Every structure is written in C-alpha cells, then in structure tokens.
Amino acid sequence: MRVLAAEDNRTNQLVFRKMVKDLNLDLTFVDNGREAVDHFKQLKPDLIFMDISMPEMDGKEAARAIRVYENTNGGHVPIVALTAHAMDGDDTSILAAGIDQYLTKPLRKSAITAVLLAHCPENARLSAPQADEVA
C-alpha cells in the first residue's frame, strides 16, 4: 500500500513511522502541502495523511489542489487530516476542503491502523509476509 504523509514536524514523523513500522507500507513523508501536491501527482498513493498546519501550503489548501487535479484527471484518493485542532466547527472547514475524514492529535496507533485497513486496496497487503509465506 502506497501512503503519502504530509507532516512538517520531524518528531511527529518519527512517531507516525513507529506506529506503522510493522505494516507493509510504501511510506513517503513530505514537509509541507506544496510537496504533498507534487508527490501526489508522482507517487499516485492509495491514501494520504495530511497535517493541517504546515508552512508554505497548509493541509486544507493542499487537499483542495489535489481535488482540483482529480476533477481534471479522474480518480479519488482518500485524504485523512491529522490535526491538533479539535475545536467545535473545525471539522466543517476541514471536510469542506475535500478531506474525507480527520484524526486528532495525539495520534493513536489503533486509529491509524483502522484507517489504513479501511482504505487498503484489494491488490495490496498491509501485514508483512510471515516467514513461512516467503518463497
């Protein structure tokens, strides 16, 4: 499963990577929304985790740019916001930007895993192959 994660904070990147280390992911991190849009076009990920507060281009702007690209070129990649903003009404503006769902920080491994399982394509495997499965 190809996953793009836009997160400008190195510590948060480390924590996220640790939470998914046992999963069979092709995980790419970018540091801001502009990089997320560029990498989205190149990588064609199965899922995007998008921090909302980032420099250069925030997560909502990046999500809108990705949706414009998809409207022209087809497709729909799920975007899951990662946000520390948990105030009433924040969900409305986040979802209005074309983001499919959001998770609040601090992140929980069970929530990340549930999102990955829900969006894993049929032709991908999330779990790493067991020793007896390796040919």
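The model is predicted: local features need pLDDT of at least 70, side-chain atom pairs count only at pLDDT 80 or more, and totals for chains, interfaces and linings use all residues. Residues are numbered from 1 along each chain as its sequence is written, and side-chain values use heavy atoms, without hydrogens or water.

**Cavities**

- Rolling a probe the size of a water molecule over the atoms shows where empty space is left.
- A cavity is a set of points on a 1 Å grid over the protein atoms alone where a 1.4 Å probe fits but cannot get out; lining residues have an atom within 4 Å of a point.
- Grid points are joined across faces, edges and corners, and a volume is the space filled by probe spheres set on the points.
- The count is two cavities of 30 Å³ or more.
- The largest cavity has a volume of about 40 Å³.
- Its lining is Ala-5, Glu-7, Asn-12, Phe-16, Phe-29, Leu-82 and Leu-107.
- Five of the residues lining the largest cavity are nonpolar, one is polar and one is charged (nonpolar: Ala, Val, Leu, Ile, Met, Phe, Trp, Tyr, Cys and Pro; charged: Asp, Glu, Lys and Arg; polar: the others, Gly among them).
- The second largest cavity has a volume of about 30 Å³.
- Arg-2, Val-3, Asp-26, Thr-28, Leu-43 and Pro-45 line the second largest cavity.
- Strand 1 (2-6) and strand 2 (26-30) each give two or more residues to that lining.

**Helix 2**

- Helices (H or I, at least four residues) and strands (E, at least two) are DSSP runs, numbered from the N terminus.
- Helix 2 spans residues 33-43, and Gly-33, Ala-36, Val-37 and Phe-40 are buried there (under 20% relative accessible area, 1.4 Å probe, protein chains only).
- These four cover an arc of only 100 degrees around the axis, so they sit on the same side of helix 2 (the arc is that of the directions from the helix axis to the C-beta atoms).
- The buried residues of helix 2 pack against strand 1, strand 2, strand 3 (47-51) and helix 3 (59-73).
- At the start of helix 2, a side-chain oxygen of Asn-32 reaches to within 3.0 Å of the backbone nitrogen of Arg-34.
- Just after helix 2, Lys-44 takes a positive phi of about 50 degrees.

**Gln-13**

- Gln-13 is in helix 1 (residues 10-19).
- Gln-13 is buried, with a relative accessible area of 8%.
- A polar atom of the Gln-13 side chain lies 2.6 Å from the backbone oxygen of Glu-7.
- The side chains of Gln-13 and Asp-31 are joined by a polar contact of 3.1 Å (a pair of N or O atoms within 3.5 Å; within protein, one must be able to donate a hydrogen and the other to accept it, and residues adjacent in sequence count only if both atoms are side-chain atoms).

Key. On a 1 Å grid over the protein atoms alone, a cavity is a set of points where a 1.4 Å probe fits but cannot get out, and a pocket is an open set with protein on both sides within 12 Å along at least five of seven lines; lining residues have an atom within 4 Å of a point. Buried means under 20% relative accessible area, exposed over 50%, partly exposed in between (1.4 Å probe, protein chains only). Contact means heavy atoms within 4.5 Å.
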